[in-house]
2 protein chains.
Amino acid sequence: MSRALHEVASGSLFGVALNYQGLLQQHLASFHEAPYRQPPVKPVLFIKTPNTRNGHGQALTYPSAVERLQPGPALGVVIGKDASRVSVEQALEHVAGYTVVNEFSLPEDSYYRPAVKAKCRDGFCPMGPELVPASQVGNPDALGIRLWVNGELRQQNNTANCVRNVAQLIAEISEFMTLHAGDVLITGTPEGRVDVLPGDQVTVEIDGLGQLTTPIVAEQGLAP
Amino acid sequence: MSRALHEVASGSLFGVALNYQGLLQQHLASFHEAPYRQPPVKPVLFIKTPNTRNGHGQALTYPSAVERLQPGPALGVVIGKDASRVSVEQALEHVAGYTVVNEFSLPEDSYYRPAVKAKCRDGFCPMGPELVPASQVGNPDALGIRLWVNGELRQQNNTANCVRNVAQLIAEISEFMTLHAGDVLITGTPEGRVDVLPGDQVTVEIDGLGQLTTPIVAEQGLAP
């Protein structure tokens, strides 16, 4: 039995933008325009605030006045030991385990700097169904990841296609900030995001980590 | 006696970018360029993560490999009651009190989307010296705010010059996310940010809220 996810993963939730090769390639051209004029050279982080926390099987309310909502299948890395300036070689020693994350978002107007308003709506970060200890996960950088909507496979990829692997992310982020035990790194969502609607049943599956299901519901008082 | 600040203000720390008229005016031209092509229409938020928390009189370590560090004098609004879609008229009922914040940052390459790497270094968000209950603060939108470096006045402004006042911020942010009791809104830093160096003593003062002092220290093993 693994320890309860929400007991261990009680810290900050850090998202990594643009961490799949396919997604990065799609956006490379725009990065050479103003105001940035070059692609990001370091991991671009965003934060999922505590109001976004959500669990396996728990509903996500489709926000009113929002045109599109997109699930974000992602591997979650739960930090087990404070990490400050750790090397790539030692990075994985700081991992307690892994879990499935569905990093919901409104469509981005900028991948370079994800907006709080798009990422931090209430319930926008389901995690689960459980924390799988690192010792039970062979290689976190070679896990199949799939998104199902109402039983239909809509997105699939593999963490092997990440721009930075788990150890590189921990090393590069811990260069400029301490990652604390209990923090969660959301290691990126692959290209090909799809739209979902109230009434949809959304499931993210990762090899060896199980399935995380989120029913999308309409706001009370609104027709589905 | 006010309740202990860190006991009450234990939630998320939300920063508001570009919330002083002078700063907004300075950057208006650039907002009409790609990729945004218009100024922000809603409050632009950023997050100070828990590793940035710091207290009155506590040191901030000047990060290595960083060329410039800038203090950010700001009024902190501590939420006392959960706020979800509250009106401007009712917004201030959700405030527990106010405090002084020094929202340290590396210089921004984009005010439109502040970077985690610039904002979320360890210790980059001193707050204090105490929580002053809302009932003891007359009008939060008419407070003088001053920055002193080594006893020299370097920046001064007044919260009356904010683009959005405290009630407007709470109303507009709570439209899209729940602000929880214990969360802190950092209502913006005025134009004219200055650079500080190891060895400097940095103080932010706000009318009626006291003085928050932060000594800047060099990293251990490095000359100041």
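Predicted model: local features only at pLDDT ≥ 70, side-chain atom pairs only at ≥ 80, totals over all residues.
Residues are numbered from 1 along each chain as its sequence is written, and chains are lettered from A in the order in which they are written. Local features need pLDDT of at least 70.

**Exercise 1.** Find which peptide bond of chain A is cis, and say where P129(A) is placed.

*Solution.* Begin with omega: at about 5°, the bond joining G128(A) and P129(A) is cis. Strands are DSSP runs of E with at least two residues, and helices are runs of H or I with at least four, both numbered from the N terminus.

**Exercise 2.** Now turn to chain B and describe the peptide bond from G128(B) to P129(B).

*Solution.* Omega is near 10° here, and the bond is cis. As for its setting, P129(B) belongs to strand β7 of chain B, which covers residues 125-133.

**Exercise 3.** Look at phi of L18(A) and of R85(A); then decide for each residue whether it is buried or partly exposed.

*Solution.* Take the leucine to start with: L18(A) has a positive phi, near 55°, and is not a glycine. Its loop runs between β1 (13-17) and α2 (21-31) of chain A. With a relative accessible area of 7%, L18(A) is buried.

Then take the arginine: R85(A), also not a glycine, has a positive phi of about 55°. R85(A) sits in the loop between β5 (73-79) and α3 (88-91) of chain A. Its relative accessibility is 47%, so R85(A) is partly exposed. Buried means under 20% relative accessible area, exposed over 50%, and partly exposed in between, using a 1.4 Å probe and protein chains only.

Notes
Heavy atoms only, no water.
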